[in-house]
Amino acid sequence: MQKNIAVIFAGGSGTRMNTKSRPKQFLELHGKPIIIYTLELFENHPEIDGIVVACIEPWIPYLQKLIRKFELSKVVAVVPGGETGQDSIYNGLAEVEKRYPADSLVLIHDGVRPLITPETISDNIQTASRDGSCITCVKASETLVVTQSDGSLQIPSRANSLIARAPQTFVLQDILTAHRKAQQEGKHDFIDSCTMMAHYGYSMATVIGPTENIKITTPTDFFVFRAIEDVRENSQIFGF
């Protein structure tokens, strides 16, 4: 039976956030760290069977304490992050391989991307179950300009342009095969999983996710996150 496993990578140190005392994924809003907001989305989703987290190694004990405090029962393992985001994801996938069948779906997601919706998770599972893999995207709201190797510019049609975000969902054995090819070739700097999969010839479907599905990497992103969370909280309290 297919299992649906979230692989959350939280290995970054938060240099762009200018945080001195803690990595960005552990910054708190209303007494709850960003990483916990993210994990709760998968914890509370009925179709998610387990969660593996790749965490910056010195902060693993603190994260484990948070997991107990917020009663996240679906987190089956916390593993050390790697030198790069790609390596952190691989460490998480290798742990999934020890615990779940090769045909499991893995939803790879940033620990600092806490604004997805349950519908986005469901859409990823449904689409990847049908098509083998998928990428959560948002429609481009501004014109994209692509610089070519000869210095010329290519401007693709905005109507046909999407921006890749997360989750990015794959069959476990497929994404592991791609990672191991990359390791054999000495490649450790793929910007994300869909870039790696495309490089090795895999086709991917798309899921359109919410516009607010931002990655919190700068102080401005954090202020946006706070504003959106406050609106959501107020709508629950006051019914608007």
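**Close-up views of salt bridges and a nonpolar patch**

**View 1. Lys32 is buried, with a relative accessible area of 19%.** Buried stands for under 20% relative accessible area, exposed for over 50%, and partly exposed for the range in between (1.4 Å probe, protein chains only). The partner shown beside Lys32 is Glu40, and the two form a salt bridge whose closest N and O atoms are 2.8 Å apart. A salt bridge here is a side-chain nitrogen of Lys or Arg within 4 Å of a carboxyl oxygen of Asp or Glu. Glu40 is also buried, at 19% relative accessibility. By the salt-bridge rule, the count comes to seven.

The model is predicted: local features need pLDDT of at least 70, side-chain atom pairs count only at pLDDT 80 or more, and totals for chains, interfaces and linings use all residues. Residues are numbered from 1 along each chain as its sequence is written, and side-chain values use heavy atoms, with hydrogens and water left out.

**View 2. Glu97 and Arg180 are joined by a salt bridge, 2.7 Å from N to O.** Glu97 belongs to helix α3 (residues 85–99) and Arg180 to helix α5 (residues 172–184), so the pair ties together parts that are 83 residues apart in sequence. Helices (H or I, at least four residues) and strands (E, at least two) are DSSP runs, numbered from the N terminus. Glu97 is partly exposed at 37% relative accessible area, and Arg180 is partly exposed at 28%.

**View 3. A salt bridge links the side chains of Lys215 and Asp110, at 3.8 Å from N to O.** Because Lys215 sits in the loop between β11 (205–208) and α7 (219–238) while Asp110 is in strand β6 (residues 105–110), the pair ties together parts that are 105 residues apart in sequence. Lys215 is partly exposed, with a relative accessible area of 31%. Asp110, in contrast, is buried at 6% relative accessibility.

View 4. Side chains of opposite charge can pair when their charged atoms come close.

**View 5. Val145, Leu153 and Ile155 make a nonpolar surface patch of about 310 Å².** Patches consist of residues with over 30% relative accessible area and no salt bridge; like charges are joined within 9 Å, and nonpolar side chains (Val, Leu, Ile, Met, Phe, Trp, Tyr) within 5 Å. Accessible areas come from the Shrake-Rupley method with a 1.4 Å probe, and for residues only the protein chains shown count as cover. Ile155 is located in the loop between β9 (153–154) and β10 (162–171). At 55% relative accessibility, Ile155 is exposed.
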